[in-house]
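Work through the exercises below with the sequence and the model at hand. Each task is followed by a solution in steps.

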Amino acid sequence: MFKRFVIMLFLLVAAIHETAAQQVSGSVRDAETARPLRDVLVYFSGNRQSLVLTDSLGRFALPYRKGKLVVRLLGYQSQVLNIRNTDVLLVDLVPESGNLQEVEVVVKRKKYSRRENPAVELMRRVIAAKQRTDPARLPYLSYRKYEKLTTSLNDLSGKALEGGFLQRLPSVKGNIEKHPLTGKLTLPLILREKVSQTFKRRYPSSERTVVEGERQEGVLDFMNSGELLGGMMEDAFQDVNVMDNSVRLFQHPFLSPVSDGEMAIRFYRYFIVDTLDVDGQRCIQVDFLPNNPQDFGFSGSLYVLADSSDLLHKAVLRVPARSGINYVDDLLLTQRFRSVADSLRVLSSSEMLVQMSLTDWLAKVQVERVAHYHQFRLEALREEVFLQPQNPVPKGTLRREDDFWLAERVDSLTCGERGLHDMLSGMSSRRWFKPALWVGKMLVENYVETSFDPNRPSLFDLGPINTFVGSSRTEGFRLRVGGQTTAALHPHWFAKGYVKYGFGDRRWKGMGELVYSFNAKERLPQEFPRRTLSFSYRSDVGSFTDRFMHTDVDNVFFLKQWSSRAYKQYYKRFLLAYDWELDNGLRLGSQLRHERSMPTGDLVYQPLNGASPLGRLTYSEVSLHAEFQPGATYVNTKQHRLLTNQDHPRFSLTHTMGFKGFLGGDFNYQHTEAGIYKRFWLYSWGKMNLQLNLGAQWSKVPFPLLCMPASNLSYIVQNNTFSLVDNMEFLNDRYVSFFYRWDMNGKIFNRVPLLRRLKWREVIGCNVLWGTLTDKNNALSDKNGGDDLLFRFPCERDASGMDVPFTHVMNKREPYVELLAGVHNIFNILRLEYVYRLNYHRQNVRHWGVRGSLQLTF
């Protein structure tokens, strides 16, 4: 019995081996001319891995599989053969037009299917080959990169050249050139070049880029906010590689047509179009487009090497016109790939051409980005390479001489790019140029420079302009004037401040700050990395929740507030702060704060022991702060430092210690807060932003030192704030807040015919607050009657004229929730949100509201 089993097993293995070794081979020719046909698709139906192409003699060979053999070539009638043996086949294909005399062409839409689709089967193999040749799987990789970003006026008309403004500017007119790809007349305005060296390591995962040279030339040199505009452009038109699963353009992620797994296969439709020679290589052209043209995806062509490697040789990508991206009329992205060390596939060049227009009546803009990658090396790298900072030298020292750029450029500059300097010199010699530039910079930068000469930087700037005039319930009509010094006065020492007067309270207020930067700055002290020691004094009036606002509270756009309650304080604050940022995204800080607070308006400091109301409180505290946001990059304005994108997670932790008796402080306390932020991209379904905050006041303290919600009392949308929580409405000594936003990028509206043309984009979300107040800090508790440390909670008058507590003690089993639904991209700039308060309804509290803001997005 055992011998029979062994024999049968041997025969079965032999049969399997013989079947596996069988091949189907043959040749394909034209049925009319008997000419061998090359690049014919031959595959077994239902088998993903069986597709092959015939060679120049029409020959093919592939392993035997069960099923029917399909032989297909564009322009010929396909044949489906039943294979019963492995004899050599001779297949004749009949041209589709061979037997036609006169026909009526009827266009019939054919349903797209992924099953038994040779284009889909080929793409699965291309994706597998991409994973197999991915350089990220190697221990080390380094390469050199040259990149150029040019911004130009686009599609200039002959009328503009022959008369009007350009006719009076010969230096400008001589710089206009015809673009070789579009044939349109363009005028280069901004040129940015950069040369860098990138080092990568797999274990532990590390990447470091060293910029060896960079230069900028053009109109941005006349503006201090040029860094902001240039930085935002670099972020919008950044480094991309179609081999990545996600391609980030215009601050949105696009799913790559060669994304891993089945994501790309489900998102795109693929069609084999032709076989042709590309850069001397025989390639299969595969066209693709999104299943839904309104989704954020690409369309275009992939060129796959027509051999057994299934490697991607070239990719040409466009953005469908119906994708809903703002301001982009057309995009052309061309990328080429080559092999390194025979087993890796790397990006060798990338050329991006974007044509944009803000409105129909403004000039059109063209952005062209070119990047070349070379000197790929796979040798092991020393540990010291990854321990050094990203850019160990100041930006100013990265400027190089002309010989450096001539050696690094793969292609020479165009005539218009070379003539930028002479063009701008000719413009600046005009009498009207300096005053026009001064006014333009004032409107864009929100500051008034004290220098009219663009070649002599301003030493002191007046501003912000939007705070010069204002009003509030406490101050009445208000005038304010302020300013700040720049690095042109001193690269390490900076000063800023303001003075204002309220005609309602008849009080002078102001602020002064002196900052020392340990590293030299190009313009302002907040430039990354911030390493500063600062001292400031501020005498002003405000609410306890002003610290949650993302802009200056004296901003004229924040004049109107929906709350009629005035729980405010006059304060005199001394602040000594130390900040130190590391190149890896870690920020450490500490500060010493001494503050005297005097209540005003509806705010009263009334002790529970029946003593007279206090006219002043004094706080003396020390705070320690740590924040970590790896990969974060910034751009600077004269007023703020902004993240170039919000994709990177952020972690923060702050602990504050108050000391009674130190510098006159009235209280001892310990207060801790932490926060986590994360953005999730859902490709065509948009993005989700999540912010989680938690905190605790560990000590027994009066209500001004309790945890207050991040209330937004204005009608302006402010992220990560509560739109319908009033000032002082909830007081807690333990809390957790959660802010959630889902911007769907028009995923639903784009499927509604009437809304599709408006390009509106929907957003939904919720703001949640869970909090509790322990008995030791609850002024409403009978246990604390007569306590000499706690104060009565803020009150308001009811219908009968009695003072009743306005502050609400939260139920720890019921979190506060407000829901929102909104629309943005209205007229490409307006955002509106409807907010509804789900619970904690009371008579004098608003249950719903509408908030708005201006927001420019692609």
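**Exercise 1. Find what the side chain of Gln606 reaches, and describe the surroundings of Gln606.**

Step 1. The side chain of Gln606 reaches the backbone oxygen of Ala611 at 2.6 Å. This is listed as a polar contact, a pair of N or O atoms within 3.5 Å; within protein, one must be able to donate a hydrogen and the other to accept it, and residues adjacent in sequence count only if both atoms are side-chain atoms.

Step 2. The model is predicted: local features need pLDDT of at least 70, side-chain atom pairs count only at pLDDT 80 or more, and totals for chains, interfaces and linings use all residues. Residues are numbered from 1 along each chain as its sequence is written, and side-chain values use heavy atoms, with hydrogens and water left out.

Step 3. Gln606 sits in the loop between strand S29 (586–601) and strand S30 (617–628). Helices (H or I, at least four residues) and strands (E, at least two) are DSSP runs, numbered from the N terminus.

Step 4. Leaving aside neighbours within four places in sequence, Gln606 is in contact (heavy atoms within 4.5 Å) with Ala611, Ser612, Pro613, Leu790, Phe791 and Arg792. The C-alpha atoms of Gln606 and Phe791 are separated by 5.1 Å, although the two residues are 185 residues apart along the chain.

Step 5. Gln606 counts as buried because its relative accessibility is 17%. Buried means under 20% relative accessible area, exposed over 50%, and partly exposed in between (1.4 Å probe, protein chains only).

**Exercise 2. Count the aromatic pairs and classify two of them.**

Step 1. Rings of Phe, Tyr and Trp (its six-membered ring) pair if their centres lie within 6.5 Å; planes under 30 degrees apart count as stacked, over 60 as edge-to-face and the rest as tilted. By this rule there are 33 aromatic pairs.

Step 2. Tyr516 and Phe518 have ring centres 5.2 Å apart and planes at 85°, so this pair is edge-to-face. Tyr516 is partly exposed at 26% relative accessibility, and Phe518 is partly exposed at 40%.

Step 3. Phe722 and Phe739 form a tilted pair, with 4.9 Å centre to centre and 55° between the planes. This pair links distant parts of the chain, 17 residues apart: Phe722 is in the loop between strand S35 (687–697) and strand S36 (734–743), and Phe739 is in strand S36. Phe722 is buried at 1% relative accessible area, and Phe739 is buried at 2%.

Step 4. Ring pairs also link Trp493, Tyr516, Phe518, Tyr578 and Trp580 into a cluster.
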